[in-house]
Amino acid sequence: MAARTLYFAELGPVWNDWIQVVNVGNAPTRVTCVGKNGEAQAIWSQERTVAPFAGWLPSVQDITVSASLTITADQPIVAERHMHKNTEVLDFPGASPESKTVGRRLFFPELVPGALDWFRILNVSEADAHVSITVRNSQGAVAQQRSRTIAPFRWWDIDEKQMGNVRGTVEVVSTQPVVAERHLHYQGGKVTVGQLGQVLDPD
């Protein structure tokens, strides 16, 4: 869904990243992209005026450390990210409250044992986010619970070892709006599936 602010929880040197931003408003818009490192410091930025229904490819491949990306504009925009690594390809839209992918309660309907699961939770607010994760098995029983405080525009990375190798679901509850991104690697790392957490309780 179009929005004036979009978030990508992860960019960096592990993947070959490609992002396209499209202005879907009826007037030219100034688009600003800001990449931040794990200390929430701006390490890269670009700006461009984009005509109505025109696209722009910011050079995110120049980001050489693990980072998040925030894209802002004064007209509605959409953005899409492709991540390439050997045979693995992931495709993510920009997360936003409008698309119900930024919120205080996010849900992932699948957790797979025996595969490599990786999650990043990004705090997109200006206040500390107190975040708790609940892993439930396929019968709905709680299998794991973890919590952490995430500072503004910092993140928490979690892998399957912390999830307990469970077949089930993951729920993320936060005191501030967050984005949660999941990568599932299987078939020996030849195939990858990507997913954004789905908001259960929109504001």
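A salt bridge is a side-chain nitrogen of Lys or Arg within 4 Å of a carboxyl oxygen of Asp or Glu. In this predicted model, Glu10, Asp17, Arg81 and Glu181 are linked in a network of such bridges. The structure holds nine salt bridges.

**Exercise 1.** State which strands pair with strand 13 (residues 168–186), and over how many bridges.

*Solution.* 
- Start with strand 8 (residues 103–111): six bridges join it to strand 13, antiparallel. Here Phe108 stands opposite Val170.
- Take strand 9 (residues 116–123): eight bridges, again antiparallel. Asn123 stands opposite Val178.
- Finish with strand 10 (residues 129–137): seven bridges, in the antiparallel sense. Ile133 stands opposite Val172.

**Exercise 2.** Decide whether Arg105 and Glu171 form a salt bridge, and what the pair ties together.

*Solution.* 
- Check the distance: the closest N and O atoms are 2.6 Å apart. The cut-off is 4 Å, and the pair forms a salt bridge.
- Place the residues: Arg105 lies in strand 8 and Glu171 in strand 13, so the pair ties together parts 66 residues apart in sequence.
- Classify them: buried means under 20% relative accessible area. Glu171, at 8%, is buried. Arg105, at 29%, is partly exposed.

Key: Residues are numbered from 1 along each chain as its sequence is written. This is a predicted model: local features need pLDDT of at least 70, side-chain atom pairs count only at pLDDT 80 or more; totals for chains, interfaces and linings use all residues. Side-chain values use heavy atoms; hydrogens and water are left out. Two strands pair if DSSP finds at least two bridges between them. Helices (H or I, at least four residues) and strands (E, at least two) are DSSP runs, numbered from the N terminus. Buried means under 20% relative accessible area, exposed over 50%, partly exposed in between (1.4 Å probe, protein chains only).
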